[in-house]
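Dear colleague,

I am passing on the structure we talked about, with some notes on what was found in it. Please look at it alongside the text below.

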Amino acid sequence: MFWEGRTTIAGDMHPDRWCILREGGISILHRTIPDSNSGAEGFAALPAERDVLDEIRRLASRLRTENGSLPGDLDFNIPIGWEERIGHLDDRPIRRLIIFLRSTGCEWVEKTGGCTMCGFYCATARGREISAEEYIAQFEHVMDAVDLEDYPVVSIYNDGNIFNEREMPVAAIEKICSYINGYENIKKVVVESRIDYSPDEHVVRMKKALNGRQLEVAFGFESADPRVMNLCINKGFSANNFDHFHSRMQGMGVLTKPLLLVKPPFLTESEAVNDILQTISYCVSRGIDYVDLEITTVEKHTVVHELWKNNLYRPPWLWSLIDLLQKCRERFGDRAHVYVSPWTYSVESLDWARNCGRCDAGIIRAIERYNRHFDPAEFEDLDCSCREGEWEEAFAKVDPRTIPERISEQLTYVQNSRVSYM
Ligand code: SF4
Ligand SMILES: [Zn+2]
């Protein structure tokens, strides 16, 4: 059962894909790109952890080379698509438009193979630079098709980093902002960009070009646990970087929205829930009261896909999500507004958050209702025999191995199965 999407796909569609959404990320790690803006330290990996990380990156990079070639008939003047979702402004639910631009592609993928769960690169031009004129034409395409005046919040996503000049020219951002200024009802614009690809001068230029409207930068914080963030996800980033980024943005009058990843690979079901609770606690301690949960799906040409093919990964149970949202309310009350992003993305998903199949649709509808006011009372009447049976069993599972041990063993298994498959 997929989330009930209302995505409009524009133009010719890549044969691999049918739907939309994704979110940004962050980076910084030993021997990779330094975060010239943050000055904060990267993840201080132990030697054994560095070996594991190298292994992940080797596999991730190899998988990217299996992406296949870029479809020759893609029109870069047409965006991937757009979609209406619930948004929040001044604590009220409002209509939000998400625009998915066909973009150059995330530079983190080219440098390290990318994050272990992210297959968005397949929806991009895979490094072929999209010009300012092409981006502007894509936005004009949406303006012709949708009345932007209906949307107080507009999210503009580019499957990567909007403030990275190599991925998106500033001239394109400024022109798009000048179009947005023609719509009085648009109060807030949301973009996505990694910390290390968000230089102050670009952020300031966009903020200025928006003429007093709110600017929010969404970024994949994923987890406050450095081992989860860097080893399980290959985010190349640390909580220190996040702190510095958040205060930089605050100083410029820009809002930040952390995106947290529910059930990265290599974690058990209960570890995944606890990891999010700890991460939200960290965000709350930094004065952030609104976070987005991104629920891991299985996308092609990713490390998660390789694990999934070998029965080493299962997306989270929907009961785990319900459990998590109820615990968030108990623990944080109104100090944390926890939004669940629909798990429909710009690339095809092969597997997604699910229960037994019989109760999935009702739970997804309850999460949609919950998203309006963050009220877990929506979950009170939910039940199914799979909750006390299979889910409780899955939730009780314990893995005594350390995270580096798990990664090392699972990657060896994956490599061996790839060899025997070939
Ligand atoms: S690879 Fe990571 S940083 Fe790049 S778009 Fe995907 S999630 Fe974001
Ligand atoms: Zn069920």
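His 301 counts as buried, because 22 C-beta neighbours lie inside 10 Å of it, where buried means 20 or more other C-beta atoms within 10 Å of a residue's own, exposed means 12 or fewer, partly exposed covers what lies in between, and C-beta atoms are placed from the backbone. Its phi is near 60°, which is a positive value in a residue other than glycine, and its place is in the loop between strand S9 (298–299) and helix H9 (303–309). Helices (H or I, at least four residues) and strands (E, at least two) are DSSP runs, numbered from the N terminus.

Before going further, please note that this is a predicted model, in which local features need pLDDT of at least 70 and side-chain atom pairs count only at pLDDT 80 or more, while totals for chains, interfaces and linings use all residues. Residues are numbered from 1 along each chain as its sequence is written, and chains are lettered from A and ligands numbered from 1 in the order in which they are written.

Asn 311 also has a positive phi, of about 55°, although it is not a glycine, and it sits in the loop between H9 and H10. Asn 311 is exposed, however, because 8 other C-beta atoms lie within 10 Å.

As for the protein chain as a whole, its secondary structure comes to 13 helices and 11 strands, and buried residues make up 48% of its 422 residues. Of the contacts with a separation of 6 or more, 82% are between residues 24 or more positions apart, a contact being two residues whose C-beta atoms, placed from the backbone, lie within 7 Å.

Strand S2 (residues 81–89) and strand S3 (residues 92–100) pair in the antiparallel sense over 9 bridges, pairing being called when DSSP finds at least two bridges between two strands. Leu 89 has Arg 92 of S3 as its bridge partner, and in the hairpin, which has 2 residues between the strands, Asp 90 takes a positive phi near 50°. Further along S3 lies Ile 98, which counts as buried because it has 23 C-beta neighbours inside 10 Å; its C-alpha atom is separated by 7.3 Å from that of Arg 85, 13 residues apart along the chain.

Leaving aside neighbours within four places in sequence, Ile 156 is in contact with Ile 99, Leu 101, Ile 162, Ile 176, Val 189 and Val 191.

H10 also packs against helix H8 (residues 269–285), at an angle of about 35° and with the axes 10 Å apart; axes are lines fitted to C-alpha atoms, for helices over the stretch in contact, and angles run from 0 to 180 degrees between N-to-C directions. Among the residues that meet are Ala 272, Ile 276 and Ile 280 in H8 and Leu 324, Lys 327 and Arg 331 in H10.
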